[in-house]
Amino acid sequence: MTKSLDFWIKSSLALSIFIYPSISQAISDTKPETNVYDESGVLTKSSINFLEKTMQKLKETNGTNVYFISVRNLPYGIEPEQYAEELFQKWNLGEKDILVVLANKIARAGIFSGSGVPNLTKEKAKSISEETYPFKAKEEQYSSAALDVSNRLVSILSNKGDPGPPALVREGNSSNFKSAKATEQQRSKYVAIIIILLVVAFVVPMVQFFYYVKDE
């Protein structure tokens with residue numbers, strides 16, 4: 001009985017570690033040396049290089065240091081914002097620092113910033129996390145989604161205004177995209193034209209053949 005209980009406890013612990021990885025397993029205890037840490041491995045090299053250069057330029061301009069952390073999963077029961085805050089405290093980041101967590105599996109982000117960061121309100125940070133990043137991340141376009149987050153953050157932090165979530169842009173340009181009904185109608189039209197051409201191609205020669213045979 002004791003051996004069975006001991007086996008059950010050990011098996012449960014092993015399974016819980018496998019299913020719900022802890023924060024220490026996914027991310028290092030020390031702050032990364034670069035501004036972009038792609039633990040998930042989904043960001044392209046070109047997007048990482050662009051983010052690094054952009055964040056470095058931003059730091060040189062107004063002293064704000066932004067860290068991007070891309071992860072596949074979050075620890076069980078933890079929201080992206082909470083995860084970002086825990087990492088922020090764990091790495092002992094400063095008042096002019098911003099930590100952006102990109103949680104790819106759930107297509108959401110979390111942002112936590114120091115008290116000395118200008119212009120980035122909680123409302124804007126929430127909009128970036130819940131609107132800007134998911135817009136393309138839901139389509140598994142993680143690199144493009146990360147760049148959208150970067151562009152919006154840089155605009156806000158550089159006093160150039162908030163461009164807003166990309167969903168608003170799509171709604172404004174919705175007339176440029178054909179609806180499914182219009183596409184289907186156009187496809188049916190092309191199919192009908194092809195059928196007519198095929199009928200003409202086969203029927204006309206046959207009519208001509210029978211005409212000449214009849215005269216003989």
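User: What makes Ile-194, Ile-195, Leu-198, Val-199, Phe-202 and Val-203 a nonpolar patch on the surface?

Analyst: Patches are made of residues with over 30% relative accessible area and no salt bridge, with nonpolar side chains (Val, Leu, Ile, Met, Phe, Trp, Tyr) joined within 5 Å and like charges within 9 Å. These six together have about 570 Å² of accessible area, computed by the Shrake-Rupley method with a 1.4 Å probe, where only the protein chains shown count as cover. Just so you know, this is a predicted model: local features need pLDDT of at least 70, side-chain atom pairs count only at pLDDT 80 or more, and totals for chains, interfaces and linings use all residues. Residues are numbered from 1 along each chain as its sequence is written, and side-chain values use heavy atoms, leaving out hydrogens and water.

User: Why is Phe-202 called exposed?

Analyst: Exposed means over 50% relative accessible area, buried under 20%, and partly exposed in between (1.4 Å probe, protein chains only). Phe-202 comes in at 59%, so it's exposed.

User: How do you know that Arg-152 and Asp-162 meet in a salt bridge?

Analyst: The rule asks for a side-chain nitrogen of Lys or Arg within 4 Å of a carboxyl oxygen of Asp or Glu. Here the N to O distance is 2.7 Å, so the pair passes.

User: And why is Arg-152 buried or exposed?

Analyst: Its relative accessible area is 4%, so Arg-152 is buried.

User: Why does Asp-148 count as buried?

Analyst: Asp-148 has 17% relative accessibility, so buried it is. Asp-148 also forms a salt bridge with Lys-136, at 3.3 Å.
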